[in-house]
Amino acid sequence: MVCFCFLVDQTREVRKSKPAAGICSRCGGGASVADMKTFTRFCYVPFYCKSWRAIICTFCGSILRSYR
């Protein structure tokens with residue numbers, strides 16, 4: 001018997017952030033240190049939740065550095 005389980009979605013949420021020194025290498029926007037939370041759902045059922053810290057661009061939203 002074969003059972004397939006598909007990844008439905010993975011979302012990232014910024015819990016809180018504060019300004020940081022530096023600029024984005026992609027767009028030149030400012031940087032901020034943010035506490036992030038990642039939610040993963042398999043087959044529409046919440047499966048995994050992870051908290052981590054990252055330096056993100058305040059303009060384009062790209063992750064410049066992550067601390068897991």
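I worked from a predicted model, in which local features need pLDDT of at least 70, side-chain atom pairs count only at pLDDT 80 or more, and totals for chains, interfaces and linings use all residues. Residues are numbered from 1 along each chain as its sequence is written, and side-chain values use heavy atoms, with hydrogens and water left out.

Entry on C49. I located C49 in strand β3, residues 45-57; strands (E, at least two residues) are DSSP runs numbered from the N terminus. I noted C49 as partly exposed because its relative accessibility is 40%, the class between buried (under 20%) and exposed (over 50%), with a 1.4 Å probe and protein chains only. Leaving aside residues up to four places away in sequence, I found C49 touching K37, T38 and F39, where contact means heavy atoms within 4.5 Å. I also looked up P19, 30 residues from C49 along the chain, and found 25 Å between their C-alpha atoms.

Entry on the pairing. I found β3 antiparallel to β4 (residues 63-67), with 4 bridges joining them; two strands pair if DSSP finds at least two bridges between them. I saw A54 opposite S66 in β4. In this hairpin, with 5 residues between the strands, I recorded a positive phi near 85 degrees for G61.

Entry on the core. I listed A34, M36, W52, A54 and I56 as the largest nonpolar core, meaning buried Ala, Val, Leu, Ile, Met, Phe, Trp, Tyr and Cys residues joined through side-chain atoms within 4.5 Å. I noted that β3 gives the largest share of this core, 3 residues.
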